[in-house]
Amino acid sequence: MAQLLKAAKSSHSIAIIVPGLGNENKGHELLVKWWKLWNIKTYICGLNWKIEENGFTEKLKKITDLIDKLYAPNKKISLIGTSAGGSAVLNAFIARKNKVHRIVNVCGRLRSGDALFYTFEKAASKSPSFKESVLKFEKTETKLTNQDKEKIMTIKPIWDEIVPASTVKIKGAKNILVPSIGHVLSISLSLSLFAYPIIEFIKSD
């Protein structure tokens, strides 16, 4: 905690937060408002998942354009994706590795998986862009180096009724479990009451 308090005073950080299919921009904004106490400037990058423009390509460009706009050598830019935003920020990291400090996947499906109940096809039926994002990362995941994985954190709850646990974690990354159940509640708690692991991770060198 002492190290985190020291980092809060000395290090300026930026967190770009990408919500999931519900496009809860305002809700996410409220949940992370207190992060400014740790000298973290937050930007909510909503992707309007259910509005199809040029597929995921346009949505990915929105994230990478924001990274390019905010980037400076003295700033640490981290990407945080919740639910469907998880695969989106991993794809953005792969596109801008030299500009991204840390990446956090909060309860997000990173691969299609083989769930019996809430299947990938059912989840993807709400947004073709979401499906494209997951499949895009699934194809490129094997290209992540050990150094890349050291920059990645994944968060999953004890039980998630929407996203299978096997599709959240990345082998070799920092994978943590939050003491919560349920998809929406676990995302909310991960950004608020249980946010210290995220804050410590993005503030670390």
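This is a predicted model: local features need pLDDT of at least 70, side-chain atom pairs count only at pLDDT 80 or more; totals for chains, interfaces and linings use all residues.
Strand β1 (residues 13–18) is joined to β2 by five bridges, and the two strands run parallel.

**The sheet**

Widening the view, six strands make up an open sheet with parallel pairing, and their order is β2-β1-β3-β4-β5-β6. Since β2 (40–44) and β6 are the edge strands, each has a single partner strand, so one side of each is left without a neighbour in the sheet. From one strand to the next, the twist averages 20 degrees.

Further along that order, β3 and β4 also run parallel, and five bridges join them. Here Leu-79 has Ile-103 of β4 as its bridge partner.

How many of the five residues of β4 are buried? Five of the five are, so to speak, under cover: the strand is mostly covered. Both faces take part, with Arg-102, Val-104 and Val-106 buried on one side and Ile-103 and Asn-105 buried on the other.

**Helices on the sheet**

Which strands does α4 lie across? They are β1, β3, β4 and β5, and the helix runs at about 150 degrees to β3. Helix α9 packs on the sheet as well, touching β1, β2, β3, β4, β5 and β6, and its direction makes about 160 degrees with that of β4.

Helix α8 (residues 183–191) has its own set of buried residues, namely His-183, Ser-186, Ile-187, Leu-189, Ser-190 and Leu-191. What do they pack against? Their partners include the strands β3 (76–82), β4 (102–106), β5 (152–159) and β6 (174–181), together with the helices α2 (25–31) and α9 (196–203).

| Helix pair | Angle | Axis distance |
|---|---|---|
| α3 (residues 56–70) and α4 (residues 85–95) | about 60 degrees | 10 Å |
| α4 and α6 (residues 128–140) | about 50 degrees | 9 Å |
| α3 and α6 | roughly 70 degrees | within 9 Å |

Take α3 and α4, which pack at about 60 degrees; that angle makes α3 oblique to α4. The crossing of α3 past α4 is right-handed. On the α3 side the contact is made by Phe-56, Leu-60, Ile-63, Thr-64 and Ile-67, and on the α4 side by Ala-88, Asn-91, Ala-92 and Ala-95. Sorted by class, this contact holds seven nonpolar, two polar and no charged residues.

The packing angle of α4 and α6 is about 50 degrees, and these helices are therefore oblique to each other. In this case α4 passes α6 in a left-handed crossing. Ser-87, Ala-88, Leu-90, Asn-91 and Ile-94 of α4 meet Ser-133, Val-134, Lys-136, Phe-137 and Thr-140 of α6. That contact divides into five nonpolar, four polar and one charged residue.

That leaves α3 and α6, whose axes cross at roughly 70 degrees. This makes α3 roughly perpendicular to α6. From α3 come Phe-56, Thr-57, Lys-59 and Leu-60, which meet Ser-129, Glu-132, Ser-133 and Lys-136 in α6. Which classes of residue make up the contact of α3 with α6? There are two nonpolar, three polar and three charged residues.

Key
Residues are numbered from 1 along each chain as its sequence is written. Side-chain values use heavy atoms; hydrogens and water are left out. Buried means under 20% relative accessible area, exposed over 50%, partly exposed in between (1.4 Å probe, protein chains only). Helices (H or I, at least four residues) and strands (E, at least two) are DSSP runs, numbered from the N terminus. Contact means heavy atoms within 4.5 Å. Axes are lines fitted to C-alpha atoms, for helices over the stretch in contact, and angles run from 0 to 180 degrees between N-to-C directions. Angles under 35 degrees count as roughly parallel, over 145 as roughly antiparallel, 65 to 115 as roughly perpendicular and the rest as oblique. A crossing is left-handed if the near helix is turned anticlockwise from the far one by less than a right angle, and right-handed if clockwise. Ala, Val, Leu, Ile, Met, Phe, Trp, Tyr, Cys and Pro count as nonpolar, Asp, Glu, Lys and Arg as charged, and the others, Gly among them, as polar. Two strands pair if DSSP finds at least two bridges between them.
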